[in-house]
Amino acid sequence: MRSASCAFYLLSCLTFGLCLVNSSSSEVNGAPLPVVLWHGMGDTCCFPFSLGSIKKLIEEHTNGTYVRSLKIGGNLVLDYESGFFIHPNKQVDYVCKQLAQDEKLTDGYNAIGFSQGGQFLRALAQRCPSPPMRTLISLGGQHQGIFGLPKCPTLKQSSCEYITKLLNYAAYEDWVQQQLVQATYWHDPLHESSYRLKSTFLADINNELYVNERYSENLNKLKRLVLVKFLNDTIVQPKESQWFQFYEPGQDQHIQPLNQSKVYENLGLVLLEQRKRLHLLSVEGDHLAISKDWFVKHLVPMLLD
């Protein structure tokens, strides 16, 4: 029975990327802010071996603080499908309305985004400042987009190959932008103008088509923005996107330093950094493969302030 349980756990790790290893820890005292979680592609709000375990872990180490794991739509099927087929703009608008109705969040909340949930929560912070988000932790988020999708968690290989072809050859077609979530943050450095003009999500929240001062102002209301990069990531290409970095325009080999990019100025990241509110963390491992020890040591303290 024990070996069967271990095999199931390993399968869950390989499938969903959230591999949390048991560890001991001390009790935490205090009454921290509520925490909002947004899952990534191929996951849902509530799988007990995925975000369900994260929710429980946070509750255990924050004296039972209120944790809300976002469910997009009325059931788990819709929630799962949202990771692929519901436009991020619609999702952010839906979540904004849901959180506004949650009385437990009135005084503010902290947020943790997993993979694409990281940039979705950032869009929420920029577009929906009430209730106020205080700390945003992005685990493996693709804040400068992706230029490659080598793996699709929980999808059949044939489905993943089809999505990859769409992204490679038709990402900026309007119907693909509207129907495939990953197309909305597809960032082709070889065709920067097409990206800026036709991206229906990422180019907007990164202030790349025109500068929306409200986005910068709202982002700088955060107490801290924490960006976690997975050093051995085989899903996010380039992995530096997790730190708001990307290829230099016109090629796909050399990474441009963050402080040399337009988004650094246009989105107000320079102000966050000057105010010591921008935190760049890295961890060994593949996409979202973190241990409980690491999570408790590096992230839980940020939820307790």
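Analyst: H87 is buried, because its relative accessible area is 4%, under the 20% limit. This is a predicted model, and every value here is computed from it.

Start with the place in the chain. H87 is found in the loop that runs between α3 (76-85) and α4 (88-100). The side chain of H87 reaches the backbone nitrogen of N89 at 3.0 Å. Then come the partners beyond four places in sequence. H87 is in contact with Q177, Q178, T184, T200 and F201.

Now follow helix α4. K97 and D93 both lie in α4, 4 residues apart, about one turn of the helix. Their side chains meet in a salt bridge, 3.3 Å from N to O. Side chains of opposite charge can pair when their charged atoms come close. K97 is partly exposed, since its relative accessible area is 49%. D93 is also partly exposed, at 41%. H87, by contrast, is buried.

A search of the whole structure finds 7 salt bridges. Another of them joins the side chains of R127 and D204, at 2.8 Å from N to O. This pair links distant parts of the chain: R127 sits in helix α5 (residues 116-127), D204 in helix α9, and 77 residues separate them. R127 is partly exposed, with a relative accessible area of 22%. D204 is partly exposed too, with a value of 22%.

D305 forms a salt bridge with R224, and the closest N and O atoms are 2.6 Å apart. D305 lies in the segment after α13 (292-304) and R224 in strand β5 (residues 224-230), so this pair ties together parts 81 residues apart in sequence. D305 counts as exposed, because its relative accessibility is 52%, over the 50% limit. R224 is buried, with a relative accessible area of 12%.

Back to α9, for the surface beyond that helix. L209 is placed in the loop between α9 (202-205) and α10 (213-219). L209 is partly exposed, as its relative accessible area is 49%. With L197 and Y210, L209 forms a nonpolar patch on the surface. Together the three have about 360 Å² of accessible area.

Next, the interior. In soluble globular proteins, nonpolar side chains tend to be buried together. Here the largest nonpolar core has 60 residues. L124, M133, L225 and L269 have the most contacts inside that core. Take M133. Beyond four places in sequence, M133 is in contact with Y109, A111, L121, L124, A125, K221 and L222. A second, separate core has 24 residues, among them I54, I112, I137 and L303.

Last, the whole chain. The protein chain has 305 residues, and 53% of them count as buried. Its secondary structure comes to 13 helices and 8 strands. Take the contacts between residues at least 6 apart in sequence: 72% of them join residues at least 24 apart. The accessible surface of the chain comes to about 13,800 Å². Carbon and sulfur atoms account for 52% of that surface.

How values were computed
Residues are numbered from 1 along each chain as its sequence is written. This is a predicted model: local features need pLDDT of at least 70, side-chain atom pairs count only at pLDDT 80 or more; totals for chains, interfaces and linings use all residues. Side-chain values use heavy atoms; hydrogens and water are left out. Patches are made of residues with over 30% relative accessible area and no salt bridge: like charges are joined within 9 Å, nonpolar side chains (Val, Leu, Ile, Met, Phe, Trp, Tyr) within 5 Å. Accessible areas come from the Shrake-Rupley method with a 1.4 Å probe; for residues, only the protein chains shown count as cover. A salt bridge is a side-chain nitrogen of Lys or Arg within 4 Å of a carboxyl oxygen of Asp or Glu. Helices (H or I, at least four residues) and strands (E, at least two) are DSSP runs, numbered from the N terminus. Buried means under 20% relative accessible area, exposed over 50%, partly exposed in between (1.4 Å probe, protein chains only). A nonpolar core is a set of buried Ala, Val, Leu, Ile, Met, Phe, Trp, Tyr and Cys residues joined through side-chain atoms within 4.5 Å. Contact means heavy atoms within 4.5 Å. A polar contact is a pair of N or O atoms within 3.5 Å; within protein, one must be able to donate a hydrogen and the other to accept it, and residues adjacent in sequence count only if both atoms are side-chain atoms.
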